[in-house]
Amino acid sequence: MEIVMVLAIAALVIGGAVGLMVYHTSERELRRVSGEVEIMAKRARMIALLQQKPYAIVFVPGKVLLMPLAEMSGTEQNVSRSLGSQRSSHSAESPTDEEVSPSAAAQAPVHDEIALDGEFSMMVRHWGADKWVPMDERRPEVWRFDPEGLCEPISVRLTYKDGWIEDEYHPLTASIRDSATEFK
């Protein structure tokens, strides 16, 4: 009888642990993407400071892009084309690492991308706005990083499956100032 009781308790504990793991999968994914966006924001701020030119994080459906602000064109197709042309410029014709001077490498445009799973949705709320703006293919949302080290205070809301996370970013550090979450 004691063995049956021990096995029953072990089964309950294991079942609860598996349920807890499955339940927190969406929370883990939201926190992972939120962290990636924060790292990209800090990187954009640092690059803008070092290169002394404005950079942007561009929010489009399904992805978050980092690029020089001068390459920002206004539509997702132009942003993607710009990103693609920069990547293709690093082809076989581009100089090797030995041929590029350190100062030229430090001034080379930086591009990065975070691809989002199809189940993610994202909204942005700019400083002073009351409403969240959903991502639109025709009009990407731009978060600007100036060479002085400042960025617009912005909030980003990520939704995935049964939960969401809202991150408010600090204009001086580009790090998350405040975060709120909800999971069902």
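Student: Why does Asp136 count as partly exposed?

Tutor: The relative accessibility of Asp136 is 25%. Buried means under 20% relative accessible area, exposed means over 50%, and partly exposed lies in between, with a 1.4 Å probe and protein chains only. Asp136 at 25% is therefore partly exposed. The model is predicted, so local features need pLDDT of at least 70 and side-chain atom pairs count only at pLDDT 80 or more, while totals for chains, interfaces and linings use all residues. Residues are numbered from 1 along each chain as its sequence is written, and side-chain values use heavy atoms, with hydrogens and water left out.

Student: What makes the contact between Asp136 and Arg138 a salt bridge?

Tutor: A salt bridge is a side-chain nitrogen of Lys or Arg within 4 Å of a carboxyl oxygen of Asp or Glu. For Asp136 and Arg138 the N to O distance is 3.3 Å, so the pair qualifies.

Student: Why is Arg138 called exposed?

Tutor: Arg138 has 63% relative accessibility, so Arg138 counts as exposed.

Student: How do you know whether Glu141 is buried or exposed?

Tutor: Glu141 has 4% relative accessibility and therefore counts as buried. Its salt-bridge partner is Arg139, at 2.9 Å, N to O. Arg139 is exposed because its relative accessibility is 52%.

Student: How many salt bridges does a search of the whole structure find?

Tutor: The search finds 10 salt bridges.
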